[in-house]
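Here is a briefing on one protein model, grouped by topic. Please keep the coordinates open while reading.

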Amino acid sequence: MDQKHTEFSSRFAIDPIAAAAMGTDELRYNFHIEGLFQPGLVSLTYTHYDRMIVGGAMPADKVLPLEAIKPTGTKAFLDRRELIAVNIGGAGTVTADGLPYEMAARDMVYLGMGTEQVSFASADPDQPAKFYLLSAPAHQVYPSQLIRIGDARRLDLGSQATSNERSIFQFIHADGVKTCQLVVGMTQLAPGSVWNTMPCHVHDRRMEAYLYFDLDEGARVFHFMGEPDETRHIVMRNEEAVLSPGWSIHSGAGTSNYAFIWAMAGDNVDYTDVDPVALDQLR
């Protein structure tokens, strides 16, 4: 297939001992993902963490198809997979087997296994949609469904005193849209708050990926990873993603408030199935 609209790369799984010995460049090479949103391109990263694919699609003046890539080993991208697309840009449309899902900023669509033709379009090329893509292997077909940001389950947590006042939007939860593996949500930090997921945790049953966005050009997020007693950090710009293995903490602090999309795949879809890490355990 001529994949002129698609680029992809692969990331192998890294164990904690190897990660502990890595310098900055090696950490970024193995866990950091940039260039997700490029005009007229679908950019995909195939990871060996629960076979999660992390990607971005930014349609400009033409419709972008979701094309199969070699690592999936299938004729169509979703022959044995499910997909979630979250729009973080201008208004756009995801069309699945002829059915259009019109999406504003921060809306999400779930597409079930077996969906044959998927494409992405922007309502206005001057204000293009930016679809953040997450895909994992599937074992059964669940119905495709659009979830608008106003329909997500909202939890308000934290406080200004601890610099982590934030709102969590759960797109996928036990009482909502059914998925095989994918669990996806968004966190918005309030003005004046910078910390996310602190105190932190690990969950060996699931990997996770973070996409940081709504950052000004000069702002940064310091994403923390590693085993609790052997932490590392990766400096993140706007609209960059980072992979978090099951053995790693995942937390961050920014130079201003921001938003991030968190996504998991693995053995279960239980939000509460985590192993808490107390602050005095961190090193």
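The largest cavity is lined by Pro16, Ala19, Ala20, Gly226, Glu227, Glu230, Arg232 and Trp247. This is a predicted model, so local features need pLDDT of at least 70, side-chain atom pairs count only at pLDDT 80 or more, and totals for chains, interfaces and linings use all residues. Residues are numbered from 1 along each chain as its sequence is written, and side-chain values use heavy atoms, with hydrogens and water left out.

**Cavity**

- The structure holds 1 cavity of 30 Å³ or more, and the volume of the largest cavity is about 40 Å³.
- On a 1 Å grid over the protein atoms alone, a cavity is a set of points where a 1.4 Å probe fits but cannot get out; lining residues have an atom within 4 Å of a point.
- Grid points are joined across faces, edges and corners, and a volume is the space filled by probe spheres set on the points.
- Helix H1 (16-20), strand E19 (221-227) and strand E20 (230-236) each give at least two residues to this lining.
- The largest share, 3 residues, comes from H1.
- Helices (H or I, at least four residues) and strands (E, at least two) are DSSP runs, numbered from the N terminus.
- By class, the cavity lining has 4 nonpolar, 1 polar and 3 charged residues.
- Ala, Val, Leu, Ile, Met, Phe, Trp, Tyr, Cys and Pro count as nonpolar; Asp, Glu, Lys and Arg count as charged; the others, Gly among them, count as polar.

**Pocket**

- The largest pocket holds about 450 Å³ of space.
- A pocket is an open set of grid points with protein on both sides within 12 Å along at least five of seven lines.
- Of its 21 lining residues, Ile168, Thr197, His201, Trp262 and Tyr271 are the closest to the centre.
- Strands E13 (153-157), E14 (166-170), E18 (206-213) and E23 (259-266) give two or more residues each to the pocket lining.
- The pocket lining divides into 11 nonpolar, 7 polar and 3 charged residues.

**Helix H2**

- In helix H2 (residues 24-31), Leu27, Asn30 and Phe31 are buried.
- These residues lie on the same side of H2 because they cover an arc of only 80° around the axis; the arc is that of the directions from the helix axis to the C-beta atoms.
- Asp25 and Tyr29 are exposed on the other side of H2.
- Buried means under 20% relative accessible area, exposed over 50%, and partly exposed in between (1.4 Å probe, protein chains only).
- The cover over the buried residues of H2 includes H1, E19 and E20, along with strands E1 (6-11), E2 (32-33) and E21 (240-244).

- Leu64 is found in strand E5 (residues 64-65) and is buried, at 2% relative accessibility.
- Beyond its neighbours within four places in sequence, Leu64 is in contact (heavy atoms within 4.5 Å) with residues including His5, Leu41, Met58, Val118 and Phe120.
- Leu64 and Val94 are 30 residues apart along the chain, and their C-alpha atoms are separated by 9.6 Å.
- Ala136 is found in strand E11 (residues 131-137) and is buried, with a relative accessible area of 0%.
- Not counting residues up to four places away in sequence, Ala136 touches Arg51, Arg81, Glu82, Gln181, Leu182 and Ala265.
- Ala136 and Gln170 are 34 residues apart in sequence and 18 Å apart in space, C-alpha to C-alpha.

**Backbone details**

- The peptide bond from Met198 to Pro199 is cis, with omega near 5°.
- Pro199 is found in the loop between strand E16 (195-196) and strand E17 (201-202).
- Ser163 is not a glycine, yet has a positive phi of about 60°.
- Ser163 is placed in the loop between E13 and E14, and is partly exposed at 24% relative accessibility.
- Asp214, also not a glycine, has a positive phi of about 60°.
- Asp214 is found in the loop between E18 and E19, and is partly exposed at 42% relative accessibility.

**Cysteines**

- A search of the whole structure finds 0 disulfides (pairs of cysteine sulfur atoms within 2.5 Å).
- Cys180 is buried, with a relative accessible area of 11%.
- Cys200 is buried, at 3%.
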